[in-house]
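Hi everyone, and thanks for making time for this. Please have a look at the structure on the screen, and then I'll walk you through a few parts of it.

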Amino acid sequence: MAEQKISNDLIASENDRLLAAHESDYEALGAHVARRSIDIGAVTKEVARFFVAVPSWGVGTGGTRFARFPGNGEPRGIFDKLDDCAVVQQLTRATPTVSLHIPWDKADPAELKAHADALGLGFDAMNSNTFSDAPGQTNSYKYGSLSHVDAATRAQAVEHNIECIEIGKAIGSKALTVWIGDGSNFPGQTNFAQSFERYLAAMQDVYKALPDDWRIFSEHKMYEPAFYSTVVQDWGTNYLIAQTLGPKAFCLVDLGHHAPNTNIEMIVSRLIQFKKLGGFHFNDSKYGDDDLDAGSIDPYRLFLVFNELVDADHRGVTDFHPAHMIDQSHNVTDPIESLISSANEIRRAYAQALLVDREALAGYQDDNDALMASDTLKRAYRTDVEPILAEARLLAGGAIDPIAAYRHSGYRQFVSDKRPASTAGSGGIV
Ligand SMILES: [Mn+2]
């Protein structure tokens with residue numbers, strides 16, 4: 001039995017208060033979707049099996065280039081972060097794993113594993129950091145890491161990634177995500193071809209250290225911290241990387257790492273078709289890599305991404321198991337509340353995508369009936385699936401209304417009393 005950060009009695013009494021209304025809503029929605037020949041129980045079961053990893057860095061307050069305004073009870077280190085992640089999981093039952101960032105979360109692997117085990121948590125993909133300098137590090141990443149002009153700096157970055165794999169092996173992770181800040185701020189500053197050649201060679205060295213049952217995810221991003229060019233700028237370059245490295249290499253799609261208005265769901269479709277979709281960093285954005293909460297700005301786009309994932313399942317695409325991770329910076333909210341809300345929004349998009357009448361959609365596509373094809377998607381998207389999400393949480397021991405339960409639990413006050421006020425801390429934007 002996992003250690004409970006929120007009392008089960010509190011969750012039970014919260015659920016008791018809401019149960020009658022929930023059951024009534026669930027029954028009504030069940031009748032509604034039954035008229036579309038959909039079994040609500042089957043959809044609920046699928047949703048309950050869908051999980052998304054919480055980023056360790058997401059439970060601390062994030063920041064911008066201008067400032068960071070810490071909240072109360074900020075986690076002091078990785079063990080506090082795991083405690084906060086356990087709260088998100090306990091209430092949502094959608095986030096059983098945590099994605100670590102090294103060196104921010106560096107600790108004795110045996111202690112990491114023991115602490116996570118006690119909380120009933122596991123570990124998702126490891127994340128390396130060669131976009132900032134760790135204290136005492138020999139070579140600086142100011143001018144790049146895996147693509148740096150200096151061989152010793154590249155070797156140091158390769159070593160760091162291999163260390164992440166070693167830590168991950170000890171705690172049960174099965175993947176490494178590599179995002180680099182390498183790039184340039186001026187035309188002419190770097191040679192595009194040579195820097196990409198150096199990057200590929202360095203990544204091949206990391207790839208060689210990858211265990212057989214691991215995957216490596218490369219993550220593209222069109223700008224920032226380099227503002228003229230980045231070495232891994234878009235999904236095309238990312239695909240070339242995955243193809244060059246080999247069968248254990250896949251592309252990671254961070255929803256915020258594209259030009260505004262990019263058709264991300266189409267990129268997802270392409271990567272699925274050519275077997276190179278590794279997974280996601282879910283978040284939302286308005287202008288750039290805003291790292292806003294999933295589904296907070298453009299929930300329809302999130303739905304369209306999930307529509308591609310469900311379509312792939314429906315078509316029986318083989319060897320298809322993308323990793324789902326959240327990557328957000330919570331600047332003005334309680335990070336635990338943002339993560340609870342985001343996990344629910346991600347499941348919401350999945351549930352809506354499960355409601356799409358795929359036979360009807362295929363028929364409209366064959367008939368070139370654009371209006372009805374669009375309406376078929378909209379019909380699923382317009383369905384209020386909240387009762388399905390609540391039922392999935394309830395059946396797994398979570399809360400019908402997880403934000404309300406969290407607020408009533410007093411957890412933030414409890415940890416604020418124990419954890420000293422934070423004045424600074426690592427950034428939350430990657
Ligand atoms: Mn990311």
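**A walk through the chain**

Let's start with the overall picture: the chain has 15 helices and 11 strands. Here helices (H or I, at least four residues) and strands (E, at least two) are DSSP runs, numbered from the N terminus. With a radius of gyration of 22 Å, close to the 22 Å from the globule rule for 430 residues, the chain is as compact as a globular protein of that length. That radius is taken over C-alpha atoms, and the globule rule is 2.2 Å times the number of residues to the power 0.38.

A word on the source: this is a predicted model, where local features need pLDDT of at least 70, side-chain atom pairs count only at pLDDT 80 or more, and totals for chains, interfaces and linings use all residues. Residues are numbered from 1 along each chain as its sequence is written.

The C-alpha trace spans about 65 × 60 × 40 Å along its principal axes. Of the 430 residues, 47% count as buried; buried is 20 or more other C-beta atoms within 10 Å of a residue's own, exposed is 12 or fewer, partly exposed is in between, and C-beta atoms are placed from the backbone.

Now zoom in on S218, which sits in strand β7 (residues 215–219). Is S218 buried or exposed? S218 is buried, because 25 other C-beta atoms lie within 10 Å. Beyond its neighbours within four places in sequence, S218 is in contact with residues including V178, V232 and L252; contact means that the C-beta atoms, placed from the backbone, lie within 7 Å.

Next, a helix pair. Two packed helices are described by the angle between their axes and the distance between the axes. Helix α8 (residues 264–273) packs on helix α9 (residues 299–314) at about 20 degrees, with the axes 8 Å apart. The axes are lines fitted to C-alpha atoms, for helices over the stretch in contact, and angles run from 0 to 180 degrees between N-to-C directions. So α8 and α9 are roughly parallel (under 35 degrees; over 145 is roughly antiparallel, 65 to 115 roughly perpendicular, the rest oblique). Among the residues that meet are I264 and V268 in α8, and L304 and A312 in α9.

Finally, helix α10 (residues 335–354) and helix α14 (residues 402–409) cross at roughly 160 degrees, their axes coming within 10 Å. That makes α10 roughly antiparallel to α14. In this pair, I336, E337, I340 and S341 of α10 meet P402, I403 and Y406 of α14.

Note on methods:
Contact = placed C-beta atoms within 7 Å.
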